[in-house]
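Reader: I am new to protein models. Can you take me through this one in short steps?

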Amino acid sequence: MWVVLHPVTMRATNVLLCVGLVLLPASICQSPAERDTYTECTDGYEWDAQTQLCRDINECETIQGACQGEMKCFNHYGGYLCLPRSASIITAPEPSSQSEPSLPQVETNEAFNPCPVGYKAQGDSCVDIDECELDQHDCQPSQQCINTVGTYTCQCPDGYSKIGIECVDIDECRYRYCQHRCVNVPGSFSCECEPGFQLAGNNRSCVDVNECEMGAHCQHRCYNTYGSFLCRCDQGYDLGPDGLLCNDIDECSFSSYLCQFQCVNEPGGFSCICPNGYELLGIRQCQDVNECETGTQCGEGQVCVNIHGGHQCVDSNRCQDPYTQVSENRCVCPVVKPECRDLPFSVVHRFMSITSERSVPSDIFQIQATSIYPGSYNTFRIRSGDDSGEFYIRQINNISAMLVLARAVTGPKEYILDLEMVSVNPLMNYQTSSVLRLSVYVGPHAF
């Protein structure tokens, strides 16, 4: 497109203005005689005091935003034009018949384009101009130029939004895309899960991790929970401070009454043991082993006597002269023998055992008369063997009495006590006595 601005001949008597494709600027033409006094100019001109002429006003500089959109402002004499940016100004030759100064002529540097902005003529039709390919765009380096029909757009990369002419990162975490934690990064975001969870296939949701199937370091048993896991120990163990290892519980340290004799701690439990001569009754109690019934052999002329924690082999005939044996454990002193006159008529041998440190006073043996005569009075006493006073007799009635342990005794030790029953019959003026020779074996400490 060409725009030709022809110079206007300024005369004092007339002003010629042509508007169209050929525009003739107008000015006031003054005769030399009038120039000293005439200073008013027509619209689009202003008086120049230095040259004493009317000077064109450049509206493209004085009017802000004179042309809008894709149009460019071109000043010309007495006004301005809004033309495509491809237009340019050329100077037209002055007419030969005119002696007055000529004005410049304006024309474009390319052929007239009958197509709209963003198009170019191609034959008889208009085709779109690809501003992106021709680098005729103002997109930022971080933006992508996208050609559209008649123009172009500047598009931001994914994860950015366009604010003004700049691309600004979108904070996707504001929209709660993630189930647990969201981490915004330039142009994108990532989701993270709390400990005990892992990202699901959609990279946003979090699913529980079964740590027990993934090799959790529980020493005994592992139980998966939502977002975590728990370690548990077998019976007899406590979970350690780290929540993984199991420590053995020393049950024996909790109580001294777990076992009758001795408690032995074992991994995950405990066991009870008994001293020699005893065996477990159940899992905690100890009972004496009767060695005399388990095949223990004594020498010839001896019998086996079971005691606490062991046994004794004693002579089967313990009768001493002048006594004679009348049964397995009974000796008598016949009255026909003069030396028997001041001795008990009979001696019966018995055996018993007690443990050391037994609580006192304690009833340990009951004496019972086997023969009763009408009108007789019976009394009981310790005839011999209690030199230190560890025992005493408590008479119950006329025919029985109780041997009492008066002081604590410590074994192993053996006491031989002669417990005598004296019978008196005043009607018959008769007195006799009999002895129960009791062998008391004191075993080890009580348990």
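**Rings, a hairpin and a loop**

Reader: Is Tyr175 buried, exposed or partly exposed?
Author: This is a predicted model, where local features need pLDDT of at least 70, side-chain atom pairs count only at pLDDT 80 or more, and totals for chains, interfaces and linings use all residues. Residues are numbered from 1 along each chain as its sequence is written, and side-chain values use heavy atoms, without hydrogens and water. Buried means under 20% relative accessible area, exposed over 50%, and partly exposed in between (1.4 Å probe, protein chains only). Tyr175 has 46% relative accessibility, so Tyr175 is partly exposed.

Reader: And Tyr177, buried, exposed or partly exposed?
Author: Look at the relative accessible area of Tyr177, which is 34%. Because of that value, Tyr177 counts as partly exposed.

Reader: What kind of aromatic pair do Tyr175 and Tyr177 form?
Author: The structure has 4 aromatic pairs (Phe, Tyr or Trp rings, Trp by its six-membered ring, with centres within 6.5 Å; planes under 30 degrees apart are stacked, over 60 edge-to-face, the rest tilted). Tyr175 and Tyr177 make up one of them, with ring centres 5.9 Å apart. Their planes stand at 35°, so the pair is tilted.

Reader: Which residue joins Tyr175 and Tyr177 in one aromatic cluster?
Author: Tyr175 and Tyr177 already pair with each other. They also belong to one aromatic cluster, and its other member is Phe189.

Reader: In what sense do S23 and S24 pair, and over how many bridges?
Author: Strands are DSSP runs (E, at least two residues), numbered from the N terminus, and two strands pair if DSSP finds at least two bridges between them. S23 covers residues 278–281 and S24 covers 285–288. Leu281 stands opposite Gln285 in S24. The pairing is antiparallel, over 4 bridges.

Reader: Which residue in the turn of this hairpin has a positive phi?
Author: S23 and S24 form the hairpin, with 3 residues between them. In the turn, phi is about 85° at one residue: Gly282.

Reader: Where is Leu427, and is Leu427 buried or exposed?
Author: S34 runs over 413–425 and S35 over 430–445. Leu427 is in the loop between those two strands. Its relative accessibility is 78%, so Leu427 is exposed.

Reader: What distance separates the C-alpha atoms of Leu427 and Gly375?
Author: Along the chain, these two residues are 52 residues apart.
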